[in-house]
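Hello,

Here is the structure I promised to pass on to you. Please have a look at it first, and then read my notes below.

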Amino acid sequence: MLDVSGKTALVTGGARGLGAAAAKKLAGAGANIFLTDILTDQGEATAAEIRNAGGEAAYFSHDVTSPDDWANAVEACARTFGSLDVLLNNAGILQPGTIFDATYDDFRRVMEVNVGGVWLGMKAALPRMAEDGAKWPGGASIINISSVAGLVGAAGLSAYSASKGAVKLLTKSAALECTGAGHKVRVNSVHPAVIETDMATGIAGEMKDEGLVASTDEALGLMTLAHPIGRLGQPKDVASAVLFLASEASSYMTGAELVVDGGFTAQ
């Protein structure tokens, strides 16, 4: 079993979905979890669930588009658990729409959260992580959640695809900047395909509302067909990839893309 005992992970968007699954996976492998989100009730509940299972977790209200919130989150994490060894930039939004019908405000908001939130997170966390990473053979680990939509185009999701492609190259640049500065901080991205979360259900609902399918179940069925492995992903599939990147098992990886897509991009 992969072990992250003694490490502290700050997980954005940790109240539900992929963030909550990753937080629980990391906690189960021994990490202290500092959950952040804007969904306070759900975030508190997720932190309580981790503690009730024997783990260590705290929740912090945090808007990833705010530099001040990031500074406060990093300070609170270090104050609560004494270090910051893993940063999971998971918080993100999806705004369906083509170039023809989306507004610039839609596009800007997606970029602000999905790209700006990641950039701000790395900028705020790196001074602390560079210090704390020195004590681990493989260094500290930054994990940025991108998407297969950051590797291939996604019609109807142009803003989302643009944002996730930006996260991919932002990750690679940050990885080189960390090694160039002599910091023991690895930076990698994870690229899931469709995972059964509220976001996937929302896309299915949009397809139904637009008359593309008769029901959300039909939409989810069509999504499943796009994955050669024969099923949609589960949050635990992505959580396992996150745990690997957080652990010493991935100590030779930086600037890499870890694709978790059931064969979606192999076609």
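**The second largest pocket**

The residues lining the second largest pocket are W119, M122, K123, L126, P127, A130, L170, S173, A174, E177, C178 and H183. Before you go further, please keep in mind that this is a predicted model. The volume of this second largest pocket comes to about 220 Å³. Helices α4 and α5 (158–180) each supply at least two residues of its lining, and α4 gives the most, with 6 residues.

**The cavity**

How many cavities of 30 Å³ or more does a search of the whole structure find? The search finds 1. The largest cavity has a volume of about 30 Å³, and its lining is made up of T12, V64, W70, N89, A91, V113, G117 and V118. Here, too, α4 gives the most to the lining, this time with 3 residues.

**The sheet**

Now for the strands. There is an open sheet of 7 strands, paired in parallel, and its order is β3-β2-β1-β4-β5-β6-β7. Which strands are at the edges? They are β3 (56–61) and β7 (257–260), each of which pairs on one side only. On average, neighbouring strands of this sheet are turned by 20° against each other, direction ignored.

Residues 86–89 form β4, which pairs with β1 (residues 8–12) in the parallel sense over 3 bridges. Within this pairing, A9 stands opposite V86, and L10 has L87 as its bridge partner. Strands β4 and β5 also run parallel, joined by 4 bridges. L87 turns up again here, with I142 as its bridge partner in β5.

Where do the side chains of β4 go? V86 and L88 point one way, while L87 and N89 point the other way. V86, L87, L88 and N89 are all buried. N89 is also one of the residues that line the largest cavity.

If you turn the model to find helix α8 (residues 235–246), you will see that it lies across β4, β5 (140–145), β6 (185–192) and β7. The helix runs at about 150° to β5.

**Two residues to look at**

N90 is found in the loop between β4 and α4 (104–133). Is N90 buried or exposed? N90 counts as buried because its relative accessibility is 13%, under the 20% cut-off. A polar atom of the N90 side chain lies 3.1 Å from the backbone oxygen of G13. Not counting residues up to four places away in sequence, N90 touches T12, G13, L18, G19 and I145. Of these, T12 also lines the largest cavity.

T40 lies in helix α2 (residues 40–52). With a relative accessible area of 34%, T40 is partly exposed, since that value falls between the 20% and 50% cut-offs. Which residues does T40 contact, leaving aside its neighbours within four places in sequence? They are Y59 and S61. T40 and Y59 are 19 residues apart along the chain, and their C-alpha atoms are separated by 8.0 Å. Their side chains are joined by a polar contact of 3.4 Å.

Terms used. Residues are numbered from 1 along each chain as its sequence is written. This is a predicted model: local features need pLDDT of at least 70, side-chain atom pairs count only at pLDDT 80 or more; totals for chains, interfaces and linings use all residues. Side-chain values use heavy atoms; hydrogens and water are left out. Buried means under 20% relative accessible area, exposed over 50%, partly exposed in between (1.4 Å probe, protein chains only). Contact means heavy atoms within 4.5 Å. A polar contact is a pair of N or O atoms within 3.5 Å; within protein, one must be able to donate a hydrogen and the other to accept it, and residues adjacent in sequence count only if both atoms are side-chain atoms. Two strands pair if DSSP finds at least two bridges between them. Axes are lines fitted to C-alpha atoms, for helices over the stretch in contact, and angles run from 0 to 180 degrees between N-to-C directions. On a 1 Å grid over the protein atoms alone, a cavity is a set of points where a 1.4 Å probe fits but cannot get out, and a pocket is an open set with protein on both sides within 12 Å along at least five of seven lines; lining residues have an atom within 4 Å of a point. Grid points are joined across faces, edges and corners, and a volume is the space filled by probe spheres set on the points.
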